[in-house]
Amino acid sequence: RFLFFLSTRAGGLGLNLQAADQVVIFDSDWNPQADIQAMNRAHRIGQTKNVTVYRLLQEGTVEEKVVERAFKKLALDALVMQQGKLMAKDELSRSDMLQMVRFGADRVMRADPTNQNFDIEKVIAAGRQKTRELTNSFQGGAGGGLSNFSFDGTEITSKLEELRAKEKLEKLKATKPPTPFFLDLGRRERRPNKAVSSILAEMRRETERKRELKENRGKKPYQIPKLPKTLQPNNFPDWQFYNNAAIEKLASKKRSWWTKQQKKIKELWDKKLKDPKVKSISDLKFIITSIEVDKNEGLTNVQQKEWEQLCAGGFSTWTKRDLFAFRTGCEKFGRWNLVSIAKEVGKSVEDVSTYSAVFWEKGPKKLSHWTNTKKAIEKGEAVIKKRQAEWKLVSDTLAGLQSPLENMRIEYIGDKEKYPWSVHSDRFILCEGHRSFTEGCASEKIWADVLHSALNSSKFKYDIWMRTQTPDTLEVRFHQLCRILQRAQTKRREAAKKEAAEAQKREARLQLEKLHESLKSDDLKADAAVETEKRGAREMLEKVKTEIKREKI
């Protein structure tokens, strides 16, 4: 058993002792409300047992006077306080206090403390008898009027108050069973839930109404029902890509035909209400517009085919959640990765492929939030392309290295880019991340796999910094390393471009020098030919002059 000690003055603490089934009060309070509150703690909602209350009193001591005075207060509370006539003053005089303290002192002094032979059952029975006698005495006193109750010796002599108190006490006795105490606090019951009671009453009325309709079927005039939900104006959501204008045009024809049908049924039913041959609406035979239109419920055969095509032309199974999942999938995987998008949405690849084609074709005209949706998807695709470019950069860097964990060169600029990481940890992040990516690991699980490999690696057994990282910090470091590699690759490309330009310049210079040399050699050859021609011409001239001289001679 469990014992819980608590003061009767411990109020306002929120203590509920509904698991207790026995209450023992061994020190009664001057204020009876404190004792009643202590008893009520065991009577909270959730109590399933009968609660027994024991009040321990020492016979022939001041405790009897305390309980006696508490009973007086309870009597006055029950008879007078409710009318607001309770006196505000409740103080003990000096003589009353001295008399109560001296009460039973002689019996206590004469008592034999060595006598231990007593029966607990007899003590409890005697206590009950004493409580009963005390209660009967107060009930008799209350029956004779309120003048017997006083706090400071004054008496209440109003006959009207006596009469009211007497009537109230008689009603209390007639309606309540006898209890060991003067006041009965009443049974503690839950109040009925008005909401539940109203729902149950409504259900009973509905059941009664259905029963009456079933019994009186065919005896009452026909009542036109409400418009069916299938014919009510229904504006389909824009993400389902229905042709709302064409559907509403045909639906209005079906609604007008249904209204005419119901009016016709009511007219014929009310006329043949007393005809015993007509037992149900199916026995009524009539034509509203034509056989063809009545068969299709207000549409011709051509219009019915168009109606079926329009109803089948949308995506009725796609909810708003599916739209958001499709958009999220396009952001995460790109609009071209339909397999991953289908897993994100939870539909088949064929359904997602069909919806994607219509989405990108009719989305700019149909969707009201198309601009924001397109921007979000393009932003996600830009992130995907950037991620692919980073992995391609790492692949190109590792392609020409036999042992990248030992030979990879990372060009840091200052210690800020390196500290507190090390070259070995940076190489490990790049190599292990590339390994997980090439093995087909999901992008959100790559860095968890890298961290697991780092924790199991002997290289980082005593590296506290590396062992205390998280997948997110490893991913951030990977992006930093990619920027370093991109910068180094850009430098190498610029250097290669400069070198190629210098080589082209040198080649052009060599070709120009060769051209000058060839031109010089051509000029020399031309000069030699001219000189030869000149010499030939001079020789010819000399010959001519010689011949002329010979002829003269």
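In which hand of crossing, left-handed or right-handed, does H14 pass H16? The crossing is left-handed, a term used when the near helix is turned anticlockwise from the far one by less than a right angle (clockwise would be right-handed).

## About the model

This is a predicted model, in which local features need pLDDT of at least 70 and side-chain atom pairs count only at pLDDT 80 or more, while totals for chains, interfaces and linings use all residues. Residues are numbered from 1 along each chain as its sequence is written, and side-chain values use heavy atoms, without hydrogens and water.

## The overall picture

The protein has 19 helices and two strands; these are DSSP runs numbered from the N terminus, with helices (H or I) of at least four residues and strands (E) of at least two. Of its 553 residues, 26% are buried (under 20% relative accessible area with a 1.4 Å probe and protein chains only; exposed is over 50%, partly exposed in between).

Now for contacts, meaning heavy atoms within 4.5 Å. Among those with a separation of 6 or more, 67% join residues 24 or more positions apart.

## The two strands

Strand S1 (residues 22-25) pairs with strand S2 (residues 52-55) in the parallel sense, over four bridges; pairing takes at least two DSSP bridges. Val 24 has Tyr 54 of S2 as its bridge partner. Between S1 and S2 the chain runs through helix H1 (residues 32-40), giving a right-handed β-α-β crossover: with the strands pointing away from the viewer, the path from the first strand over the helix to the second runs clockwise.

In a regular strand, side chains alternate between the two faces of the sheet.

## Helices H14 and H16

Back to our opening pair: the axes of H14 (residues 370-399) and H16 (residues 423-438) come within 10 Å and cross at roughly 115°. H14 is therefore roughly perpendicular to H16, a label for angles of 65 to 115 degrees. The axes are lines fitted to C-alpha atoms over the stretch in contact, with angles from 0 to 180 degrees between N-to-C directions.

On the H14 side, Trp 391, Val 394, Ser 395 and Leu 398 meet Leu 430, Cys 431, Gly 433, His 434 and Phe 437 of H16.

## Two residues to look up

Phe 241 lies in the loop between H7 (194-215) and H8 (244-271). Its phi is near 55°, a positive value in a residue other than glycine, and Phe 241 is buried, at 3% relative accessible area.

Cys 311, in helix H10 (residues 301-312), is partly exposed at 33%. Cys 311 and Asn 243 are 68 residues apart in sequence and 8.7 Å apart in space, C-alpha to C-alpha.

How values were computed:
Angles under 35 degrees count as roughly parallel, over 145 as roughly antiparallel, 65 to 115 as roughly perpendicular and the rest as oblique.
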